[in-house]
Structure formats: structure tokens, C-alpha cells
Amino acid sequence: MTRGLFISFEGIDGAGKSTHIERVAALFRQAGRAVVLTREPGGTPLSEKLRELVLHEPMDALTEALLMFAARREHLVQVIEPALARGDVVLCDRFTDATFAYQGGGRGFDWQVLGQLEAMVQTTAQGVLRQPDLTVWFDLDPQIAAERLASARVPDKFESQPADFFAAVRAGYAKRQAEMPGRFARIDASQTREAVGEAVAQVVTPWLPRSGS
Ligand SMILES: Nc1ncnc2c1ncn2[C@@H]1O[C@H](COP(=O)(O)OP(=O)(O)O)[C@@H](O)[C@H]1O
Ligand SMILES: Cc1cn([C@H]2C[C@H](O)[C@@H](COP(=O)(O)OP(=O)(O)O)O2)c(=O)[nH]c1=O
């Protein structure tokens with residue numbers, strides 16, 4: 001049976017994830033793979049309710065981190081693990097690296113405690129710590145992201161944070177990559193849409209089934 005594949009997409013708000021994720025889905029579908037396109041926080045009815053709360057209500061940093069992990073637990077159990085067990089490709093717009101980057105880097109919440117929550121929430125019934133096989137990190141200067149977002153949409157609780165918050169989030173992603181370099185692919189998201197799309201296609205190509213296989 002085909003092995004499931006788990007790819008996450010990360011970066012500060014406005015870095016370009018949403019612009020490229022559909023194209024990655026199309027590449028896998030064209031190669032004959034079933035794709036589950038999902039997001040965090042969210043991806044199940046309960047997790048989407050938690051998303052509404054966490055993106056719009058002011059709250060304490062620990063409360064925020066716990067709600068992110070609560071939404072993630074539900075998403076893993078209800079959607080991600082069953083999809084991987086079926087052999088599907090799961091494309092997830094953000095996963096745990098976002099919690100380390102935003103709640104850890106951005107809010108300054110304790111990195112070790114996040115690691116403990118990660119271990120508790122992401123250990124599967126088989127005793128394996130679930131992590132993405134590949135994480136595509138759209139790395140962008142917060143100033144450029146802010147300029148792109150200014151003309152794009154009404155900001156939510158995180159998007160309305162100042163530039164130094166996003167500099168700290170970006171540093172959080174860099175720290176996470178340094179801790180787990182094997183699964184991270186850093187994309188220079190300051191390039192044109194076409195060049196970024198090309199870079200993303202290059203990093204996912206090794207994961208596509210070879211024609212004829
Ligand atoms: N390479 C790029 N150059 C210029 N603008 C871009 C580029 N990629 C995306 N955008 C625009 O920037 C905004 C934010 O992109 P989006 O994909 O929504 O980011 P994210 O999902 O990471 O928050 C959108 O208006 C999008 O059209
Ligand atoms: C998954 C996750 C997201 N977030 C934040 C990052 C984003 O600002 C926000 C929602 O992410 P996102 O889905 O990228 O927002 P949008 O639909 O506007 O592109 O939640 C955290 O702070 N911690 C987390 O663990």
C-alpha cells in the first residue's frame with residue numbers, strides 16, 4: 001500500500017502560503033495521489049470553533065498555546081492520522097512549528113513547555129511522535145509581508161501585531177529549522193510569485209511518485 005505523506009506549510013502572515021498550496025495539491029493529484037488539504041488551527045468542526053476563539057479573543061499566552069494544541073489533537077485524531085493510514089497526502093496550512101514560532105517566538109512562551117505539549121499531543125496510538133515528513137517554510141522579511149497584506153485583507157488578531165512581533169516569529173521558525181533541519185525546506189519568499197512557485201515545486205518533486213511507479 002502507498003505510504004501516507006504529511007507536508008506542512010509555514011511562514012509569517014502574508015508570506016505566500018495560501019498562494020501556493022493549491023498548486024502543490026494539483027501536482028500530487030496529477031500524479032495519482034489522493035490529497036487532503038487542511039489547515040491549523042482548524043480542520044474539524046470543533047477545531048474550527050477553537051480557531052474562531054483563538055484568532056479573535058484576547059487571552060493569556062498559556063491559554064492560547066493550550067487551545068492551539070487542543071485544536072491540533074482533534075485534527076490529528078479525526079483527520080490527519082486516518083488520512084495517513086489510508087495512504088493519502090496531507091497538505092496542512094500550518095502545524096506545530098507555527099505554535100513554536102508564534103506562541104514561543106512571538107509571545108515568548110516557554111519553548112521547553114511547548115516541547116512537552118507537542119510530545120503529549122502528537123504521540124500516536126503506535127507510540128510514534130507525529131511530525132510532518134516535509135515542512136515548506138516561506139521565509140520573508142516582515143516589512144515585505146506587511147506591505148503585501150496591507151492591500152490584501154482585514155487583519156485578524158495576529159496579523160494586526162507590530163513588525164517586531166513578526167521578526168520574533170520569524171526567529172522562532174529559524175530556531176525550529178535549526179533544531180530539525182532534516183524536514184525543513186526554506187523558500188526565499190521575497191521572489192516573484194513565479195519564482196517562489198518554481199522553488200516550491202522543486203522541493204516537493206522528490207516526494208511525487210515517479211511516473212510508472
Ligand atoms: N511572491 C509574491 N509577490 C508579491 N505578492 C505576493 C507574492 N505571493 C503572494 N503575494 C500576495 O501577498 C498576499 C499574501 O499572500 P498569501 O498567500 O495570502 O499569504 P499567507 O497565506 O502566507 O498569509 C496576497 O495578496 C498574495 O496575492
Ligand atoms: C497553527 C497556529 C497558527 N497561529 C496563528 C498564525 C496566523 O496568524 C493565524 C491563522 O493562520 P492562517 O491560517 O495562516 O491565517 P489566514 O487564514 O489569515 O492566512 O494563527 C498561531 O499563532 N499558532 C499556531 O499554532
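What follows is a chat about helix packing, the nonpolar core and some backbone features in a predicted model.

Visitor: Let's start with helices α4 and α7: at what angle do their axes cross?
Guide: In this predicted model, the axes of α4, residues 96–106, and α7, residues 163–179, come within 8 Å and cross at roughly 130 degrees. That angle makes α4 oblique to α7, and the crossing is right-handed.

Visitor: And which residues make the contact?
Guide: On the α4 side the contact is made by T96, D97, A98, F100, A101, Y102, G105 and G106, while α7 contributes F165, F166, A168, V169, G172, Y173 and R176.

Visitor: What else does Y102 touch?
Guide: If one leaves aside its neighbours within four places in sequence, Y102 is in contact with F165, F166, V169 and Y173, and also with G11, I12, D13, R94, R107 and F158.

Visitor: Switching to the core, which residues touch the most other members of the largest one?
Guide: The largest nonpolar core has 37 residues, and those that touch the most other members are I7, F9, F28, L91, Y102, V136 and F138. A second, separate core has ten residues, among them V36, V79, A83 and L84. As a general point, nonpolar side chains tend to be buried together in soluble globular proteins.

Visitor: What about V200, is it buried or exposed?
Guide: V200, which lies in helix α8, residues 193–204, has a relative accessible area of 2% and counts as buried, because buried means under 20%. Not counting residues up to four places away in sequence, V200 touches V24, V136, F138 and I187.

Visitor: How many residues separate V200 and I7 in sequence?
Guide: V200 and I7 are 193 residues apart in sequence, and their C-alpha atoms are 12 Å apart in space.

Visitor: New topic, the backbone: where is the cis peptide bond?
Guide: The peptide bond from E40 to P41 is cis, with omega near -10 degrees, and P41 is found in the loop between β2, residues 35–39, and α2, residues 45–56.

Visitor: And what is phi for R94?
Guide: Phi of R94 is near 80 degrees, a positive value in a residue other than glycine. For context, most residues other than glycine have a negative phi, and most peptide bonds are trans.

Visitor: Where does R94 sit?
Guide: R94 lies in the loop between β3, residues 89–93, and α4, and at 11% relative accessibility R94 counts as buried.

Note on methods
Residues are numbered from 1 along each chain as its sequence is written. Chains are lettered from A and ligands numbered from 1 in the order in which they are written. This is a predicted model: local features need pLDDT of at least 70, side-chain atom pairs count only at pLDDT 80 or more; totals for chains, interfaces and linings use all residues. Side-chain values use heavy atoms; hydrogens and water are left out. Axes are lines fitted to C-alpha atoms, for helices over the stretch in contact, and angles run from 0 to 180 degrees between N-to-C directions. Helices (H or I, at least four residues) and strands (E, at least two) are DSSP runs, numbered from the N terminus. Angles under 35 degrees count as roughly parallel, over 145 as roughly antiparallel, 65 to 115 as roughly perpendicular and the rest as oblique. A crossing is left-handed if the near helix is turned anticlockwise from the far one by less than a right angle, and right-handed if clockwise. Contact means heavy atoms within 4.5 Å. A nonpolar core is a set of buried Ala, Val, Leu, Ile, Met, Phe, Trp, Tyr and Cys residues joined through side-chain atoms within 4.5 Å. Buried means under 20% relative accessible area, exposed over 50%, partly exposed in between (1.4 Å probe, protein chains only).
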